[in-house]
Amino acid sequence: MKTVRFLPTHTLPIIGALALAGVLSFGLSACDGANGKSLEAAPARPGAVISAAAVLERQVTETQEFSGRMEAIEHVEIRARVG
């Protein structure tokens, strides 16, 4: 009897590692803080002072400034062929 595999053999360790990571993350999500109190019961600390700005909508003209000298890549010389 021939064995039929639906997945390549190199994907099986990856699937096992992902399953183990999922089980560990689920198990660790129920852990409490180090002092035995749950994390939600921690006292609220005052936050850092931040500044905010109001969002404005207005027309913006895009410009680019370059310093330097502009010169053509190729030079052309125009000469008369008649006298």
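**Charged side chains in a predicted model**

Good morning. Glu77 is exposed, at a relative accessible area of 58%. By our convention, exposed stands for over 50% relative accessible area, buried for under 20%, and partly exposed for what lies in between, with a 1.4 Å probe and protein chains only.

The model is predicted, so local features need pLDDT of at least 70 and side-chain atom pairs count only at pLDDT 80 or more, while totals for chains, interfaces and linings use all residues. Residues are numbered from 1 along each chain as its sequence is written, and side-chain values use heavy atoms, leaving out hydrogens and water.

Glu77 has a partner: its side chain meets that of Arg79 in a salt bridge, at 2.7 Å from N to O. The term requires a side-chain nitrogen of Lys or Arg within 4 Å of a carboxyl oxygen of Asp or Glu. Arg79 is exposed as well, with 66%.

How many salt bridges does this rule give? The count is two. The other pair is Arg69 and Glu71, whose closest N and O atoms are 3.3 Å apart. Arg69 is exposed at 73% relative accessibility, and Glu71 is exposed at 52%.

Glu71 also has a polar contact of 3.4 Å with the side chain of His75. Such a contact is a pair of N or O atoms within 3.5 Å; within protein, one must be able to donate a hydrogen and the other to accept it, and residues adjacent in sequence count only if both atoms belong to side chains. His75 is exposed, at 63%, and sits in the segment after α1 (12-28).

Finally, the whole chain. Of the 83 residues of the protein, 1% count as buried. Thank you.

Conventions:
Helix = DSSP H or I, 4+ residues; strand = E, 2+ residues; numbered from the N terminus.
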